[in-house]
Amino acid sequence: IEYVSTESFTNDLINAIREDKMTQFRNRYRSVDLLLVDDIQFLAGKERTQEEFFHTFNALYENHKQIILSSDRPPKLLTKLEDRLRNRFEWGLQTDVQPPDLETRIAILRKKAAAERLTAPADVLEFIATRIQTNIRELEGALIRVTAFASINRQDVDLELAEIVLKDLIPEGGEPEVTTSLIIAQTARYFGYTIDDLCSPNRNRALVNARQIGMYLCRELTNDSLPDIGKMFNRDHTTVMHADRRIRKDLPERRQTFAQVTELTTLIKNQAKQA
């Protein structure tokens with residue numbers, strides 16, 4: 001069984017071409033019994049990757065292996081993909097996956113808490129799961145915010161604390177749509193930089209911190225992929241991954257980082273509501 005995101009498949013292909021290891025690459029992806037590929041819509045615009053995936057798909061299909069693909073739209077709407085790929089995607093069973101129900105969201109939070117070794121009682125998990133219904137990243141991010149605040153202030157995680165911490169993150173009246181462009185603009189303004197500064201090669205320490213917080217919030221508050229976020233900052237996806245890990249690590253340890261992320265989230269959400 002091989003589970004991979006489309007961006008990882010693309011990166012593996014690029015590395016295989018660069019290192020002259022195409023045979024190993026093809027053996028890896030064409031010898032499995034089940035191939036699961038996430039966000040297949042991101043093949044759009046990647047001609048070489050589409051070509052390779054076409055042959056990978058054919059090899060698995062001809063050997064009666066299973067292929068599971070996920071996308072943010074049905075195959076017939078993947079208009080930026082080659083027709084031969086889109087046609088093959090329509091061969092199989094199509095299922096519309098709806099947002100997770102309350103019980104599933106609670107289960108996701110329990111799994112996240114166990115994986116990150118976070119302590120949160122059942123009523124707190126239910127509160128978070130009730131208030132955030134669609135964005136799984138934001139769901140998990142809310143849990144991290146609550147436990148980070150408790151750690152910094154040496155408090156127990158309880159419902160009252162969760163309500164205080166998440167008051168601005170998940171306000172009453174629905175969740176406003178937040179875009180990467182909005183986050184970049186608000187992050188630049190908050191830290192006293194221009195958008196060009198934030199997206200420049202400049203490695204000034206304070207600017208790097210602002211840039212990493214912006215990248216973290218793009219991961220938490222939007223459904224954009226790592227490559228798409230990186231492109232907005234003129235970086236690659238690995239830089240976004242590093243920024244996300246660094247801010248997640250700092251949240252429960254650095255009071256200033258927690259305050260900056262919290263204040264900036266409030267500004268972004270308020271601006272989104274006015275848009």
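Mentor: A residue is called buried under 20% relative accessible area, exposed over 50%, and partly exposed in between (1.4 Å probe, protein chains only). This is a predicted model, in which local features need pLDDT of at least 70 and side-chain atom pairs pLDDT 80 or more, while totals for chains, interfaces and linings use all residues. Residues are numbered from 1 along each chain, and side-chain values use heavy atoms, without hydrogens and water.

Glu163 is partly exposed because its relative accessible area is 39%, and it belongs to helix α8 (helices are DSSP runs of H or I, at least four residues). Glu163 is one member of a negative surface patch, together with Asp101, Glu103, Asp123, Glu126, Asp156, Asp158 and Glu160. Helices α6 (122-131) and α8 (159-165) are the elements that each give two or more residues to this patch. Patch members have over 30% relative accessible area and no salt bridge, with like charges joined within 9 Å and nonpolar side chains within 5 Å.

Other charges are paired. The whole structure holds 17 salt bridges (Lys or Arg side-chain nitrogen within 4 Å of an Asp or Glu carboxyl oxygen). Arg86 pairs with Asp83, and their closest N and O atoms are 2.4 Å apart. Both residues lie in helix α4 (residues 83-89), where three residues, about one turn of the helix, separate them. Arg86 counts as buried because its relative accessible area is 15%, whereas Asp83, at 48%, is partly exposed.

In helix α13 (residues 237-250), Arg246 and Asp250 are four residues apart and therefore about one helical turn from each other. These two form a salt bridge with closest N and O atoms 2.8 Å apart. Elsewhere, salt bridges with shared partners connect Arg26, Arg30, Arg48 and Glu52 in one network.

Lys21 and Glu19 also form a salt bridge, their closest N and O atoms being 3.7 Å apart. Lys21 is partly exposed at 40% relative accessibility, and Glu19 is likewise partly exposed at 42%.

With 48% relative accessibility, Lys273 is partly exposed. Its C-alpha atom lies 27 Å from that of Thr147, a residue 126 positions away along the chain.

Definitions and conventions. Areas by Shrake-Rupley, 256 points an atom, 1.4 Å probe, with all protein chains shown as cover. Lys, Arg positive; Asp, Glu negative; His and termini not counted. Charge placed at Lys NZ, Arg CZ, Asp CG, Glu CD.
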